[in-house]
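Please walk through this structure from helix packing to the contact between its chains. The sequence and the model come first, and the explanation follows.

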Amino acid sequence: MTENTKIIENATCTFCGCVCDDMILTVDLDEKKIIKSKNACVLGRAWFAEHTIEEDAPAAMIDGKEVSIEEAIEEAAQTLTKAKFPITYGLSDTTCEAQRQAVAITDRIKGNIDTTTSVCHGPSGLAFQGVGESTSTLGEVKNRADLVIYWGGNPAESHPRHFGRYAVTPKGMFTPRGKKDRTVVLVDVRKTKSSPVADILIRPKPGKDFEVLWALRALVKGKKLSDDIEERTGVPLAVLQDLSDRMKNCRFGVLFFGMGLTMTRGRHFNSGALLALATDLNEFTHFVAKPVRGHGNVTGADNVVSWQTGYPFGVNFSRGYPRFNPGEFTTVDTLANAHADAAMIIASDPASNFPKKAIQHLKSIPIVVLDTKCTETSKDAHVAFRTSTYGINTTGTVYRMDDVPITLRPAFESPFPDDETILKGINKRVNELMLAKHYASGASGEVKVAAPV
Amino acid sequence: MSAAMRIVNGKVYDPANNIDGKIKEICIQDGKIVDSVPEDATVIDAQGMVIMPGGVDIHCHIAGPKVNAARKLQPEDHRHDVHPGTPFTRSGTGGTVPSTFATGYRYATLGYTTAMEAAVTPIGARHTLEEFHDTPVIDKGFYVLLGENIFLQNLLREKRMEEFNEAVAWWINATKAYTVKLVNPGGDEPWKGKKNSNVSDIDEQTDEGLTPRQIIEAFIKSVDKQGFPHPPHIHCNNLGHSGNYITTLETMKTAGDMRAHIAHIQFHSYGGELGKNPVSKAAEIVDYVDNHPNITCDVGQVMFGKSTIMTADAPLAYVLKGHSKGKWVNADTECESGCGILPFNYQEHIYMHTLQWAIGLEIFLMAKDPWRVILSTDHPNGGSFMNYPKLIKLLMDKAFRHEEMKRVNQKALENCSLRDLDREFTLNEIAIITRAGPARALGLKNKGHLGVGADADITIYDEMDDKEMMFNAPRYVIKSGKTIIGNHEFITDFIGKLLHITPEYDKKIEEVVQPFFESYYSIEFSNYAVDDSYLHDHEIIATGKASS
């Protein structure tokens with residue numbers, strides 16, 4: 001360790017959707033490394049500690065050969081404007097500023113834009129469109145919640161500070177004794193590292209979440225359940241009745257839910273049933289629900305794509321305006337159905353985690369990749385940009401899982417440009433190319449780039 | 001494009017400068033209106049056209065967390081109303097809650113060049129500013145929700161009024177807001193903390209030891225003392241409830257002779273018994289407003305058809321959910337606000353909806369001083385801002401109004417005096433309620449008029465008998481001296497600027513605020529205030545006590 005260190009206070013960890021903004025980072029400026037991250041959880045510590053910069057890596061490559069950033073921007077713009085069905089995907093691990101540019105590019109080239117939401121809480125987004133949602137910021141949970149229910153998730157391992165910072169142990173305005181003022185319920189098909197935190201542990205049969213939620217809705221409304229409910233769901237009637245009573249009689253209840261609910265049999269029906277249950281409970285008391293989101297800025301991606309297009313993900317511009325159709329315009333589908341003929345992948349690695357058929361097609365089309373590191377996807381990229389890491393090297397805005405926006409405080413500089421800078425360059429060039437096409441067709445008008453700076 | 005422009009031969013309506021339909025030359029240079037321009041300036045021939053300042057919307061909901069939730073909630077609202085891009089403009093979707101780009105362009109296509117978002121939580125200010133950055137053409141600002149702020153209420157209860165004033169100013173600066181917004185004062189804590197209950201009377205003492213009236217009075221005094229260009233923007237208690245006009249009158253009386261703005265006053269002008277169908281009390285409300293020059297209001301006209309309810313008045317949204325039975329969003333913001341959202345539909349055959357429609361029109365038509373009774377639909381609560389041209393026709397064209405009255409619930413018309421009102425607004429009066437009036441109420445000295453030094457935000461309409469058609473399609477829209485729409489087509493893009501205020505405060509107040517934050521907020525104090533990188537183009541409007 002050298003003497004040349006600096007401390008960054010109130011930095012933000014973008015590893016997961018908790019987006020904790022109380023990090024105290026000690027940075028070794030010579031080594032360009034974060035050597036200490038006070039307040040971070042085990043995941044956050046690894047996120048900061050393992051962040052190293054491969055100074056020698058090329059900032060831009062075309063077909064594996066190093067080129068200047070300008071050449072790569074030109075090639076990316078050419079590739080995207082020539083394509084008939086270009087797709088943009090990823091976006092959940094970059095800033096809102098970069099996301100805004102990505103939507104702008106996709107709009108201009110009449111492409112298709114989708115985020116990792118389509119493979120995580122997409123069903124919750126659809127359920128939201130169906131039934132709405134009673135929800136709150138995490139500070140309200142800290143201040144008020146006396147009944148906290150986790151459903152289909154294992155925050156102890158996926159979001160380690162969710163318990164301590166927001167929902168279980170913190171002392172709030174009307175919960176001065178912290179955990180003593182709360183009842184914690186965990187509903188999950190298996191025992192996990194999260195189980196010990198629960199006062200009540202409920203283990204339904206796998207794939208029976210919908211049935212349990214529907215049964216609870218019935219009980220809350222005072223309806224009788226059939227006697228075979230335990231046989232069907234694995235949960236005894238008395239346990240369901242007890243939970244229903246607790247939910248109706250608490251002062252402020254919250255239902256957090258994870259991918260154990262959204263990505264198992266039933267999907268958006270499961271999310272919808274849970275959101276409807278929380279809504280129903282407002283007849284008796286104050287009750288909210290909240291998906292526990294994964295990626296650092298997946299909530300920002302939902303927000304940016306929504307405010308620019310009206311829809312949260314799975315959006316297609318091929319007709320010159322946004323259309324929404326999950327199952328058609330979601331990325332797994334545009335690839336597996338072999339619709340896409342070029343792809344821009346930003347801060348995501350679909351080549352390592354998509355279904356085989358989708359990966360096969362992805363590998364057959366030209367790809368433009370922006371990533372902070374070499375990935376399975378970038379290995380096959382036609383144009384690859386290496387960019388700096390948000391929250392560590394780059395400022396910008398991220399949205400916490402409860403839609404609270406936070407400005408990042410970078411720790412040290414990267415030799416690589418950030419996503420926004422590259423995307424701005426591509427956006428500018430794409431605009432020029434599209435306007436040239438417009439004028440070539442004999443049209444007129446003043447040349448003025450619309451994209452705001 | 002030359003920065004200089006001359007508009008000739010047009011009929012000018014500029015009520016702030018007492019110009020009522022006179023043929024007059026308008027000269028523009030460097031984004032401002034000037035006395036004269038060089039010979040070689042671009043000329044627009046406005047023969048047969050009407051020239052007005054760009055429209056100013058004093059109360060709408062167009063950006064920020066609740067608006068975006070409403071967008072996400074309603075794919076069905078967007079699908080039937082797409083907004084294609086052009087080579088110069090971005091695409092988007094419409095409906096009652098359009099995407100940001102569509103919002104800006106559509107305001108422009110009505111000749112509006114300024115719009116104020118009427119309710120933003122402090123913690124959502126950053127989000128709102130990001131959306132503003134993607135809302136083209138128009139200048140915009142927002143009112144920040146401080147009435148239900150627990151920290152401020154604590155100071156108020158402890159009668160620490162100096163610190164209260166300092167903290168209000170700090171919050172305005174921390175969020176880049178334009179003024180203070182109060183919504184259903186005192187109603188947040190019963191909703192969130194007491195099993196979805198509410199306050200029902202302006203003098204009801206809440207468990208927190210405050211009455212709505214005390215909250216209202218404190219903010220009116222604070223803003224008056226600090227000289228904000230626009231007074232507290234107040235959404236009174238009991239919105240929508242029969243008999244609520246008493247609360248509205250009491251709220252206005254609380255202001256004494258200090259300034260106050262009553263938002264969407266139509267929704268607060270109902271007589272009758274609670275729980276029963278209301279009757280109109282438009283006459284009583286208009287009478288008070290007319291006789292108290294310290295009061296301004298916007299009407300919040302209801303227009304039949306699809307709307308979206310979005311409000312910080314969460315208990316109200318829950319009541320409406322009981323009627324609509326459809327999807328509903330509730331969103332609580334820690335220490336700051338509640339929020340409710342739901343799709344809604346105003347229908348001619350329903351007594352309540354017709355009465356609301358009629359009361360709004362009555363308020364417009366009865367008001368003796370149009371300068372302080374401003375056109376709004378509380379977009380998208382009473383209906384989309386895209387209804388403004390139709391609303392203008394209802395006000396200007398008595399025959400059309402009477403035709404429309406045949407299609408609505410007749411019983412409701414019996415409980416108001418709309419049938420007896422023969423007034424027809426003139427173009428000059430329309431220019432007052434859509435331009436000059438709101439600009440004056442907002443304290444925007446460079447908006448809403450065409451005098452030398454004003455911002456060159458100008459709309460040129462073809463003069464037509466059908467006023468709906470006329471106000472739906474300006475031939476030219478000029479924003480900050482740039483021609484955005486020429487011959488009905490977008491010819492360039494423009495981003496507009498943020499309008500905000502920076503009242504002076506003593507930095508020491510941060511030491512008082514910070515401990516509260518550390519205990520009760522879930523983000524760090526130093527990450528809360530919005531920094532200048534979120535401003536894009538902006539203009540600081542002077543306060544009585546402007547800070548540097």
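Angles between axes run from 0 to 180 degrees; those under 35 degrees count as roughly parallel, those over 145 as roughly antiparallel, those from 65 to 115 as roughly perpendicular, and the rest as oblique. The model discussed here is predicted.

Two packed helices are described by the angle between their axes and the distance between the axes. In chain B, H13(B) packs against helix H16, residues 427-442, at an angle of about 135 degrees, and their axes lie 11 Å apart. H13(B) and H16(B) are therefore oblique to each other. The crossing of H13(B) past H16(B) is right-handed. On the H13(B) side the contact is made by B:Ile392, B:Leu395 and B:Met396, and on the H16(B) side by B:Leu427, B:Ile430, B:Ile433 and B:Thr434. By class, six of the residues in this contact are nonpolar, one is polar and none is charged.

A second pair in chain B is formed by helix H8, residues 212-226, and helix H9, residues 245-254, which pack at about 40 degrees with their axes 9 Å apart. That angle makes H8(B) oblique to H9(B). H8(B) also passes H9(B) in a right-handed crossing. Here B:Arg213, B:Ile216 and B:Glu217 from H8(B) meet B:Glu250, B:Thr251 and B:Thr254 from H9(B). The contact of H8(B) with H9(B) has one nonpolar residue, two polar residues and three charged residues.

The loop between helix H7 (188-193) and H8 of chain B holds B:Lys195. A cis peptide bond, with omega of about 0 degrees, joins B:His379 to B:Pro380.

The last topic is the contact between the chains. The size of an interface is often given as the accessible area lost when the parts come together. For chain A and chain B, how much area is buried between them? The value is about 5,800 Å², with 49% of it on carbon and sulfur atoms. Chain A gives 78 residues to the contact and chain B gives 65 residues. Six salt bridges are found across the interface of chain A and chain B. A salt bridge also joins the side chains of B:Lys72 and A:Asp403, at 3.8 Å from N to O.

Note on methods: Residues are numbered from 1 along each chain as its sequence is written. Chains are lettered from A and ligands numbered from 1 in the order in which they are written. This is a predicted model: local features need pLDDT of at least 70, side-chain atom pairs count only at pLDDT 80 or more; totals for chains, interfaces and linings use all residues. Side-chain values use heavy atoms; hydrogens and water are left out. Helices (H or I, at least four residues) and strands (E, at least two) are DSSP runs, numbered from the N terminus. A crossing is left-handed if the near helix is turned anticlockwise from the far one by less than a right angle, and right-handed if clockwise. Contact means heavy atoms within 4.5 Å. Ala, Val, Leu, Ile, Met, Phe, Trp, Tyr, Cys and Pro count as nonpolar, Asp, Glu, Lys and Arg as charged, and the others, Gly among them, as polar. Buried area is the accessible area (1.4 Å probe) that two parts lose on being put together, summed over both. A salt bridge is a side-chain nitrogen of Lys or Arg within 4 Å of a carboxyl oxygen of Asp or Glu.
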